[in-house]
Amino acid sequence: MKNILIIDDNKDIVGLFKTILESSGHKCVTANGGKEGIALLRSKSFDLTLLDLAMPEVSGIDVLNEVKKDPKQKSTKILVITASSPTESETDRIKREYPILDIVKKPINKTKLLELVAKY
Amino acid sequence: MKVRAKILIPTLILCTLAVVIPSVIGVYTMIQALENEDILAMKKDANNLMTNLSIAISRRVAEFEVITYPTAYLNSQATTDEKIDFLKNVVKSSKSYITMSIFDVNGIEIGDTMNIGIGNDASNEEFFKQAITGKIYRGDKPEFSAPIQKHVIYFSGPIYKDGKIDGVVVGRYPLDRIYRLISPLQEERLFQINLLSSDGTLIYSSANKKDILSKNLGSEPIFENVIDSNNNVAHQISDEKSYLPNSLIVGVKSPISQDSGSDYWVLLISRHVDDAFSVPQTLQNQLIIFGAILTVIVIISVLFVVQKFTDPIRDLRNAASNIANGNLGARYNIKSNDEFGDLGRSFNAMISAIQKTNIEKEEFAAMVSHELKTPLIPISGYAELFLDGSLGQITPEQKEKLHIIYENSIRLTNLIQDILDARKIELGKLKLDLRDESVKEVVKRSIDIFGPIAQQRGITLSDNTEDVIVRCDTDRILQVLNNIISNAIKFVPTQYGTISINSRIENGLVMLSIKDNGIGIPKEKQDDLFKKFYQVDKTLTRKSGGTGLGLAISRGIVESHGGKIWVESEENHGTVVHFTLPRGGKN
């Protein structure tokens, strides 16, 4: 059982992920958008953070920059889940520049999500 | 035709019409006039000379008329010696004869002013035969006089005694006298001067004295022209076969004595054409040089002007082709503030607008991709949760309908992804992340996906590939493999369907072949297979859930790797899809 933070601007997706994860016994905290996400990451620590990249105002990259800047968040485990389709070199670049676990492309189904959460 | 030629050719034609042709006509008219003047001057010279010759000869004839006049001293009772003394005075005063002689009625010379040739018989000589009949005679052509060793022209007349012809008086007029008349003109004008008798015999030649009396120019065209002419003058330019080759020849005919019509001489004065027409020739040469220089100047100026026009056009064309090659950032470099500058500004503005639209389109496409896919995630996600019972119990009918929602949302997600991919391929915007990858690894990933479905349907899915390295974008090639294998799964029979994946190295490329024992594809439909939205059997596709884009996208992906994709199939005998990829690694 993990304590998981879900950051996505789409409430329905946040809700879906929360439903899936909680049905499997995980504990979820949700953030609607990057701004909320940054605040939550600063105040609490989580076993795993699921982060969307394309968000209005404060994007996933902004969130990653904040995490990178803050030495207290060094141990934060972030899994990026994106709906856009970056090429492998872009993926590689983001992976190199930011302390993240992996980048996973949407759509993502229940099996896959649970698999990923179990893995990290 | 290039703009350069289009401008240059009419300009040259105009120049020719406006400048060259009138100049040529003008100068040729001038040359003609100069030539005519030359000829006229020569005719004048020839006439003058001929007049002088006629006068000289006429004077001799007149002298003989005087000395043979019935009451003249020669017809008196004086002795032969006294008559010779008289003739000596005539020779002295006339300064024309070398000697004068007296012949008796039988033609025997009985006296001579130089006392030579006494006793010679001249009874057969023309000068004797004519004079003994009472005529004044003038020799038509010179004759060689043996006693004085010179060419002379004979003049003769009768001597009377008591009213009857008693003998003949002869004067020997040497050719030297004629030379003396001719030579000033020859020296002054550098003419060649030839004098011909009425039968064409060369009486005098300024150039070839040896030919005198031995050559006959009666067949020269100029001779005939002069004889036939009305005013006794003619001119001609001779060819190289003439006695006077390549020359301007002026001929004059003149009766030497007043009484005889057929008794005339022909004077030919000539000059080599190069000398005769040297002034016109120089003019002509200058004209040609002038024309050539003018033409060169015109061509250079026109090319220079044309350059001013073609350079901006070329720059614009380069900018346009640069843009056509996909570099939308290229612009026309405006160098002038004229119409070309305006054109360039409009062109640049147009491209900027296109570029802006293009960027907007790209952003729009990215947004569509994101915005269309995102709502489908909760749709399919919740449907899945309902279906697997995570959200509580549902009736079988609800389950069936929810399954429809789920399937369709997945299909729509795939379709959106395929449309975006097809569009990228069409625009040549497909970005490849090339890296070395093991074929076996990619095939394994695909089999991992399709293995469970195949197993469910009793289809054998086997990997017979070798462990070779290819240079590829792994995700994209996986997409190709997935497309081909998912197609194969759709069309092989359940329970005894087989799909095998093989690899081979051919011509330095790695060829992957996916073989199935499905329904096959009719020959006539194989070519259309890789077209967008093409479905061999529409009803079947609807049932099997394809988008009709898979193979078109696969072809785009393979071709952007520098490979090829094709099928081998026969209806009801299965299908093999082959595609090639470049080898990777150090090989």
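Figure 1. Relative accessible area under 20% counts as buried, over 50% as exposed, and anything in between as partly exposed (1.4 Å probe, protein chains only). The two side chains meet in a salt bridge with an N to O distance of 3.5 Å; the term requires a side-chain nitrogen of Lys or Arg within 4 Å of a carboxyl oxygen of Asp or Glu. Both residues belong to helix H7 (residues 278–324) of chain B, where they are 3 residues apart, about one turn of the helix. The pair is part of a network of salt bridges that links B:Asp311, B:Arg314, B:Asp315 and B:Lys335. This is a predicted model, in which local features need pLDDT of at least 70 and side-chain atom pairs count only at pLDDT 80 or more, while totals for chains, interfaces and linings use all residues. Residues are numbered from 1 along each chain as its sequence is written, chains are lettered from A and ligands numbered from 1 in the order in which they are written, and side-chain values use heavy atoms, with hydrogens and water left out.

**Figure 2. The salt bridge between B:Asp421 and B:Arg476.** The closest N and O atoms of B:Asp421 and B:Arg476 are 3.1 Å apart. The bridge links distant parts of the chain, with B:Asp421 in helix H9 and B:Arg476 in helix H11 of chain B, 55 residues apart. Helices (H or I, at least four residues) and strands (E, at least two) are DSSP runs, numbered from the N terminus. Both B:Asp421 and B:Arg476 are buried.

**Figure 3. The salt bridge between B:Arg504 and B:Glu506.** Here the N to O distance is 3.0 Å. B:Arg504 is partly exposed, with a relative accessible area of 45%, and B:Glu506 is partly exposed at 33%. A search of the whole structure, over all chains, finds 25 salt bridges.

**Figure 4. The interface of chain B and chain A.** On each side, 21 residues are in contact with the other chain, contact being heavy atoms within 4.5 Å. The buried area is about 1900 Å², and carbon and sulfur atoms give 56% of it; this is the accessible area (1.4 Å probe) that the two parts lose on being put together, summed over both. In chain B, the residues that lose the most area to chain A are B:His370, B:Ile377 and B:Asp433, together 28% of what that side buries. The rule finds 2 salt bridges across the interface. One of them joins B:Asp388 to A:Lys110, with the closest N and O atoms 2.3 Å apart. Helix H8 (339–387), helix H9 (396–426) and helix H11 (474–491) of chain B each supply at least two residues of the side that touches chain A. Of these, H8(B) gives the most, with 9 residues. The side of chain B that touches chain A divides into 5 nonpolar, 7 polar and 9 charged residues, where Ala, Val, Leu, Ile, Met, Phe, Trp, Tyr, Cys and Pro count as nonpolar, Asp, Glu, Lys and Arg as charged, and the others, Gly among them, as polar.

Figure 5. B:Ile102 lies in strand S1 (residues 100–104) of chain B and counts as buried at 4% relative accessibility. Its C-alpha atom is separated by 7.9 Å from that of B:Thr80, a residue 22 places away along the chain. Leaving aside neighbours within four places in sequence, B:Ile102 is in contact with residues including B:Leu74, B:Thr80, B:Ile84, B:Leu87, B:Ile159 and B:Val168.

**Figure 6. B:Ser409 in helix H9.** B:Ser409 has its place in helix H9 of chain B. The residue is buried, with a relative accessible area of 4%. Not counting residues up to four places away in sequence, B:Ser409 touches B:Leu376, B:Ile379 and B:Ser380.

Figure 7. Most residues other than glycine have a negative phi. Phi of B:Leu213 is near 70 degrees; B:Leu213 lies in the loop between strand S8 (202–205) and helix H5 (221–228) of chain B. B:Asn246 has a positive phi of about 45 degrees and is found in the loop between strand S9 (233–237) and strand S10 (247–255) of chain B. B:Leu213 is partly exposed at 29% relative accessible area, and B:Asn246 is partly exposed at 28%.
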